[in-house]
Amino acid sequence: MTKEQIEARLQAMLFASGESVPVKRLAEVLELTEAKTFSYLEEMKEKYDSDESCGIRLMQLEDSYQLSTKKEYYECIRNLTEKKRKASLTNAGLEVLSIVAYNQPITRSSIEFIRGVNSDGPLNNLISAGLVEEMGRLDAPGRPILFGTSEEFLRCFDLSSISELPDVELEYNFEDLNRDLVEAQQVEFESNSDETSFEIAVDEPEPAGADEPQTPDTEE
């Protein structure tokens, strides 16, 4: 196949998919190496970005690629489809999203430890919006769920990978913090369980006749 034929096939597959496709899978279909497939995709990406007459772009999402429209044409697309505008994130949602993005994978307990308040609502909203997803479970008592950002997060913030996030100074070691919080919860649970246990004291029966009045001995 010529270079043009390979690029045409890549474009067709990505367009038909409608979502991101791993480079490995594209390489398998084209019967090429992953390195070669990656080079073709990068050339296509640069070509689309530099061509002002092209309204689409090729996005890299970690080890996958996806076709999408260029962000400068969003208003035109919105007017065409008359799609309702999505609700913006609340301050609490942004806080939780930032915590997850910079410290993933992270448990719910660690998120709440940092914020100092219950974060079930904001976290569930982020999961519903597809910005945060489950990434497995921590190998600790109770096996709490670990959360991380999704491909939709990268797409929304125009990132190719999490490594492109602005640098910030982290205050905690979250791998250790996750485990410490789980262990603390386990200790608290066991402690509360001990507090709820109780014993019923049962008085031993007194010997027969113990309640009968005693009469002094009298001499006859």
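How many bridges pair β1 with strand β3, and in which sense? I looked this up before anything else. I found two bridges, and the sense is antiparallel. Strand β3 covers residues 64–69. I kept in mind that this is a predicted model.

**Entry: the sheet around β3**

V21 has Y65 as its bridge partner in β3. Then I followed the sheet across. Three strands make it up, in the order β1-β3-β2. The sheet is open, and its pairing is antiparallel. I noted that β1 (21–22) and β2 (56–61) are the edge strands; each has a single partner strand, so one side of each has no neighbour in the sheet. As a reminder to myself, strands of a sheet pair through backbone hydrogen bonds.

**Entry: the helix across it**

Next I looked for a helix over these strands. I found α3, residues 34–50, lying across β2 and β3. Helix α3 runs at about 135° to β2.

**Entry: an aromatic pair**

I searched for aromatic pairs and got two in the structure. I examined the one formed by F38 and Y65. How far apart are the ring centres, and at what angle do the planes stand? The centres are 6.3 Å apart and the planes are at 65°. Planes over 60 degrees apart count as edge-to-face, so this pair is edge-to-face. F38 sits in helix α3 and Y65 in strand β3, so the pair ties together parts that are 27 residues apart in sequence.

I turned to the second largest pocket. Its space comes to about 220 Å³. I counted 15 lining residues. Closest to the centre are K45, D49, R57, L58 and D158. Which elements give two or more residues to this lining? They are α3 and β2. Strand β2 supplies the largest share, four residues.

**Entry: another sheet**

I moved on to β4, β5 and β6. These three strands form an open sheet in the order β4-β6-β5, with antiparallel pairing. Strands β4 (106–107) and β5 (132–137) stand at its edges; each has a single partner, so one side of each is left without a neighbour in the sheet. I checked the join between β4 and β6, which covers residues 145–149, and found two bridges. T107 stands opposite L146 in β6. Helix α5, residues 91–103, packs on this sheet and touches β4, β5 and β6. Its direction makes about 95° with that of β6.

Note on methods:
Residues numbered from 1 in each chain as written. Predicted model: local features only at pLDDT ≥ 70, side-chain atom pairs only at ≥ 80, totals over all residues. Heavy atoms only, no water. Pairing = 2+ DSSP bridges. Contact = heavy atoms within 4.5 Å. Axes fitted to C-alpha atoms, helices over the stretch in contact; angles between N-to-C directions. 1 Å grid on protein atoms, 1.4 Å probe; cavity = no way out; pocket = protein on both sides within 12 Å on 5 of 7 lines; lining within 4 Å. Points joined across faces, edges and corners; volume = space filled by probe spheres on them. Phe/Tyr/Trp six-rings, centres within 6.5 Å; stacked < 30°, edge-to-face > 60°.
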